[in-house]
Amino acid sequence: MTISAGIGIANFPFEDARGFWRWVDLCEAGGVDSIWQSDRLISREANLECMSVMAALAGATKRIKFGMNVASLGLRDPVLTAKQCATIDVLSDGRLLPAFGLGSTRSRDYTATGIATRRRGKRMDEAMQIMSRLWVEEAVTFAGEHFRLDSASISPRPVQSPLPLWVGGSAKQAIERTARWGTGWQAGIASAGDVGPVVRAIKARALELGRSIDEDHFGAGFGFRFGSPDEPFMRRYIDGFTRSMGQPPDAFTAVGGVEEIMRLLRGFHSAGAHKFILRPIANGADEMMGQTRRLIEEVLPEVAALN
């Protein structure tokens with residue numbers, strides 16, 4: 001079992017594409033395990049579309065892996081998404097880490113795209129079956145409530161066989177999807193205390209279904225900042241998080257230095273997580289580069305020492 005740390009990005013703090021690619025080059029050269037792009041369509045805050053980022057990273061990098069954290073499958077057609085993932089995996093020589101979730105009913109993405117939230121769970125269940133089969137089978141016939149296929153196939157199929165299929169979410173339905181079709185599970189905004197019961201429930205349900213998920217294919221993520229909670233930027237961040245989530249971010253963020261970051265990481269590890277998505281809390285491009293550089297230089301060696 002291996003413990004590794006990737007880096008997550010939601011908003012686009014860079015002034016232009018050149019800044020983004022300098023950051024990607026830093027991650028690649030610095031030994032970051034993976035880059036994870038959040039999925040959000042409608043927002044006043046600058047965000048990149050996650051599948052487009054995956055395709056761009058496939059061509060611009062050589063070593064680093066990359067995934068979606070997590071793509072809303074309730075918004076996406078499974079055949080098109082399966083084809084996109086297969087294409088990106090081929091062009092990256094097997095470095096894509098597809099990860100999917102349901103997406104919030106409060107998201108404006110559903111309203112803006114005209115997609116109903118009703119029965120979205122059933123649509124996701126069918127979509128996961130279709131995608132996982134298209135990636136490995138010569139011809140797929142499927143008759144569901146929302147999707148129908150008649151001897152459908154895609155080519156080329158992914159380099160990775162099977163292509164990883166990470167699932168996000170902590171609800172009972174997400175546990176069932178992970179146990180039934182997933183190859184890994186990624187926590188959302190959750191504390192170590194939240195993660196442990198979900199990991200145990202997925203393992204138990206997978207065993208009932210005659211499946212197993214690798215011990216090190218359970219992940220968690222949290223925000224980090226080298227700095228002080230008393231910085232004006234961090235005070236605004238903490239206030240905004242508290243208003244949005246109804247609780248302070250103490251269990252979900254590490255602010256300070258290596259000791260604080262590793263303490264939170266070890267807590268998640270004790271709860272069953274082995275893969276980590278660490279999200280820099282940064283105010284602008286310069287801080288994003290600085291926070292990432294310190295992660296590479298000071299935290300990644302500590303993570304590697306856990307193996």
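**Close-up views of salt bridges and a pocket**

In this predicted model there are 18 salt bridges, a salt bridge being a side-chain nitrogen of Lys or Arg within 4 Å of a carboxyl oxygen of Asp or Glu. Because the model is predicted, local features need pLDDT of at least 70 and side-chain atom pairs count only at pLDDT 80 or more, while totals for chains, interfaces and linings use all residues. Residues are numbered from 1 along each chain as its sequence is written, and side-chain values use heavy atoms, with hydrogens and water left out. Side chains of opposite charge can pair when their charged atoms come close.

**View 1. Arginine 40 and glutamate 45 meet through their side chains in a salt bridge.** The N to O distance of this pair is 3.5 Å. Arginine 40 is partly exposed at a relative accessible area of 37%, and glutamate 45 is likewise partly exposed at 43%, where buried means under 20% relative accessible area, exposed over 50%, and partly exposed in between (1.4 Å probe, protein chains only).

**View 2. A salt bridge joins arginine 76 to glutamate 49.** The closest N and O atoms of the two residues are 3.2 Å apart. This pair links distant parts of the chain, 27 residues apart, with arginine 76 in the loop between strand S4 (71-72) and helix H3 (78-91), and glutamate 49 in the loop between strand S2 (34-37) and helix H2 (50-60); helices (H or I, at least four residues) and strands (E, at least two) are DSSP runs, numbered from the N terminus. Arginine 76 is buried at 14% relative accessibility, whereas glutamate 49 is partly exposed at 27%.

**View 3. Glutamate 259 and arginine 263 form a salt bridge within helix H9 (residues 258-270).** Their closest N and O atoms lie 3.0 Å apart, and because the two residues are 4 residues apart in helix H9, they are separated by about one helical turn. Glutamate 259 is exposed, with a relative accessible area of 55%, while arginine 263 is partly exposed at 49%.

**View 4. Glu176, Arg180, Arg205 and Glu208 are linked in a network of salt bridges.**

**View 5. The second largest pocket is lined by 17 residues.** A pocket is an open set of points on a 1 Å grid over the protein atoms alone, where a 1.4 Å probe fits, with protein on both sides within 12 Å along at least five of seven lines, and lining residues have an atom within 4 Å of a point. Asp33, Lys65, Leu97, Trp166 and Lys275 lie nearest the centre of this pocket, and strand S1 (4-9), S2 and strand S13 (275-280) each supply at least two residues of its lining.
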